[in-house]
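Colleague: I'm new to this one. Could you show me how to read a few of its features?

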Amino acid sequence: MNIQQFQYVLAVVDLKNFEAAAEKCFVTQSTLSTMIGRFEKEIGIKIFNRKTKPVSITVEGEEIIKRLRILASEVDALNNLIQELKGEMIGELKIGIIPTVAPYLLPLFLTNFAEAFPKVKIIVREMTTSEIQKALKIRSIDVGVLALPLEDDMLNEVDLYSEPFVLYDCSEGDITNKISVNDIDYSKLCLLQEGHCLRTQVQRICDLSDQYTNRDENFEFESGSMDSLLRITRARKGMTILPYLATTDLSPDIKQRLVEFDKPIPVRKVGLVTHKFFVKKKLLSELKLLIQNSVIEHLPQKESEYKILKPL
């Protein structure tokens, strides 16, 4: 068996078609099929069921493919290590980022990062926290940008910044300058759907309040996106809790409805996460520095007043 065979197998898995996989690998379909057939014969296991359309994967093949992805990632890691030792910044950097961070953080640094490293192909995907953890472990992405801590022994964490939460209050009545978690009307609180770490963090803010357990269950809305969350909160004259960066580009009329929290201010810690065997250390260091420099002017500096909330 050899690395080329691994690449052929994974190309068929990804494209679900031998002809398309052959084009991707720049070989003829017969060459690709023959090489995969030799690999299957050598290991004594059929990976693909060629009788189905599109081609399907056998039960045994699924397990083989999981290991092939790890091996392919290790080969990539070796190549990346060699490049770093030579002082070269080339190749791919695959980034997974949670949806409640992506639209607010990416515009601050991504263009500058791409310009600083023109030979690095940057691939960014919005993913939930659990999806990022899984993808890092099977090496389908290189870096995760999400709320910390994860406390996962297989992953390394690098702090970026602490981001305070604010209350978006569309309820009737006057807006105060600051509010305590005990003064929120939790019967009007709108949340993101299950699966978003921001939802869990907001629930932890609620748990700090004696009033949350006594909330009125008559009103409940869960949104799948920040934009929908803002719109429904406004339409229903409700309340929601937002991370600070999500408020920086809001319209003036919305900003008038934002209220800061009294001390201790609830915050989330955002950071970079990699597999513990991640080798692109120089690139990661540059990414960290660029993000921190780009975000610092957009965040209030009150860290002594913060109360860090875990995402999970």
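Predicted model: local features only at pLDDT ≥ 70, side-chain atom pairs only at ≥ 80, totals over all residues.

Colleague: Let's start with helix H1. How does its expected span compare with the distance between its end C-alpha atoms?

Modeller: The idea is to count 1.5 Å a residue.

Colleague: What happens at the start of H1, and what comes just after it?

Modeller: At the start, a side-chain oxygen of Asn2 comes to within 3.1 Å of the backbone nitrogen of Gln4. Just after H1, Lys16 has a positive phi of about 55 degrees.

Colleague: Now the largest nonpolar core. Which members touch the most others?

Modeller: A core like this is a set of buried residues joined through side-chain atoms. Here it has 38 residues, and Leu93, Val145, Tyr161 and Leu287 touch the most other members. Elements giving two or more residues to this core include strand E3 (91-97), helix H5 (102-116) and strand E5 (143-148). There's also a second, separate core of 28 residues, with Cys170 and Leu191 among them.

Colleague: And Ala135: buried or exposed?

Modeller: Buried means under 20% relative accessible area. Ala135 has 5%, so it counts as buried. Ala135 lies in helix H6, and its contacts beyond four places in sequence are Met127, Ser140 and Ile141. Ala135 and Gly96 are 39 residues apart in sequence, with their C-alpha atoms 8.4 Å apart in space.

Notes:
Residues numbered from 1 in each chain as written. Heavy atoms only, no water. Core = buried A, V, L, I, M, F, W, Y, C linked by side-chain atoms within 4.5 Å. Buried < 20%, exposed > 50% of the residue type's maximum accessible area, 1.4 Å probe, protein only. Helix = DSSP H or I, 4+ residues; strand = E, 2+ residues; numbered from the N terminus. Contact = heavy atoms within 4.5 Å. Expected span 1.5 Å × (residues − 1). Polar contact = N/O pair within 3.5 Å; in protein donor to acceptor, adjacent residues only side chain to side chain.
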